[in-house]
Amino acid sequence: MTMLVFTFVLLVGSALRELLPLLVNGQASFVMIAEAFGLLIPFVFAFALPTAILTSTLLVFGRFSADHELTAARASGISLVSLAAPILLLGLLLCALSGLINLQLAPTCRVAYNNLRTDMRSSLANFRLPEGQPVNFPAQTNGSSYTIYTRKNRNQNLQDVFILKIEQETNRTTIIAPNGRLEMDTNNQQLLLYLTNFDAQTPDGRSFSGNEWLVPVDLKANDKNVAGITDMTFLQLREELRKTRISAPVPVNTLQANDEQQRKKRMERFTSDFAEPIRIQLHKQVAFSFACFGFTLIGIPLGIRVHRRESNMGILVAVGLVLIYYTIQFIGQSLSSHAQYAPHLLMWMPNLVFQATGAVLLWRANRGI
């Protein structure tokens, strides 16, 4: 029941924010809206499943304790661990289901949903390059693909731009620039990226710099293939991470050694910062798949300690725990531009905290402490 409630709430929230304006403006039919809802369900399941098992565990064991059934079970020689074992096993099984959803189904359906929404809007005029995460532009008409990353985007004025251009799947050109400007050519369906004071590295390892470089990205045939890292599957993220392993620039000659050394340091820093959001998303997908077990483990003893018949208290506790979980992950994501702190490891911190706390509380509850 809690799974249905949370799924409904999240679906309605997404529909009101993204789909309802398209339906009101006549840009989408009821059939397209229904298809969009169907594609959103797996994406919503990824968030609803852990929250649902936490809430239901709190409600069931809270009522179990309030009705003194736990006391009766202990008097019959049945320990709390024995009673909780099937629930913990269910939590582990749901981790496997959550992993399938997080690593494959949810990103795939999200991309299909975004493609359908693009068909509804039929326009790229409002395209905005997201900041703090790489965006992939594959299958250009000239045979090359682009991955673009910018640390800041202020009204299409970019700061700390990193571009990885791949030709024939193997030749990689790396371009970095402290500043850039983004423009949309709606007539030719092109994204025009102007870079200033750039440094570049060619596929053969040579480096050069200049005052301005125009990077045109053709969107005519690629508007449905533009994908951010949040919409990538686990295997796609692994491939993106592999592409960021770029060799350091080779000095042109000894007279420019100092300049080339500075360029090398800049390139290494940009490469590290460019790859960190990918690592964060990759670790987040895997770590979030284990949230079901952590929520189950901590929900059993907390439900007993709450000791209330009302369901409101259990729901409030569940919402509080979910907020704590996401807050820790949000802190890690906010540090994506500081790869030296390894923020991708913070994606595992909520699981460790919840599982350790839940194990201690369950042990104490089993001993009657």
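This is a predicted model: local features need pLDDT of at least 70, side-chain atom pairs count only at pLDDT 80 or more; totals for chains, interfaces and linings use all residues.
## Basis of the model

Local features need pLDDT of at least 70, side-chain atom pairs count only at pLDDT 80 or more, and totals for chains, interfaces and linings use all residues. Residues are numbered from 1 along each chain as its sequence is written, and side-chain values use heavy atoms, without hydrogens and water.

## Overall fold

The protein chain has 9 helices and 7 strands. These are DSSP runs, numbered from the N terminus: helices are H or I with at least four residues, strands E with at least two.

Contact means heavy atoms within 4.5 Å. Among contacts between residues at least 6 apart in sequence, 67% join residues at least 24 apart.

Strands β5 (residues 190–201) and β6 (residues 207–218) pair in the antiparallel sense over 11 bridges. Pairing requires at least two DSSP bridges between the strands. Tyr194 has Leu214 in β6 as its bridge partner. The hairpin leaves 5 residues between β5 and β6. In the turn, Gly205 has a positive phi of about 95 degrees.

## The second largest pocket

This pocket holds about 460 Å³ of space. A pocket is an open set of points on a 1 Å grid over the protein atoms alone, where a 1.4 Å probe fits, with protein on both sides within 12 Å along at least five of seven lines. Its volume is the space filled by probe spheres set on the points, which are joined across faces, edges and corners.

The lining has 16 residues, each with an atom within 4 Å of a point. Phe43, Phe47, Thr230, Gln281 and Lys284 lie nearest the centre. Elements giving two or more residues are α2 (30–66), α4 (80–121), α6 (257–289) and α8 (311–334). By class, the lining has 8 nonpolar, 6 polar and 2 charged residues. Nonpolar covers Ala, Val, Leu, Ile, Met, Phe, Trp, Tyr, Cys and Pro; charged covers Asp, Glu, Lys and Arg; the others, Gly among them, are polar.

## Single residues

Leu80 lies in helix α4. Leu80 counts as buried because its relative accessibility is 0%. Beyond neighbours within four places in sequence, its contacts include Phe61, Leu70, Ile300 and Leu362. The C-alpha atoms of Leu80 and Leu70 are 7.6 Å apart.

Two non-glycine residues have positive phi. Gln156, at about 70 degrees, lies in the loop between β2 (144–154) and β3 (157–167). Asp160, at about 55 degrees, sits in strand β3. Asp160 counts as buried, at 19% relative accessibility.

Note on methods. Buried means under 20% relative accessible area, exposed over 50%, partly exposed in between (1.4 Å probe, protein chains only).
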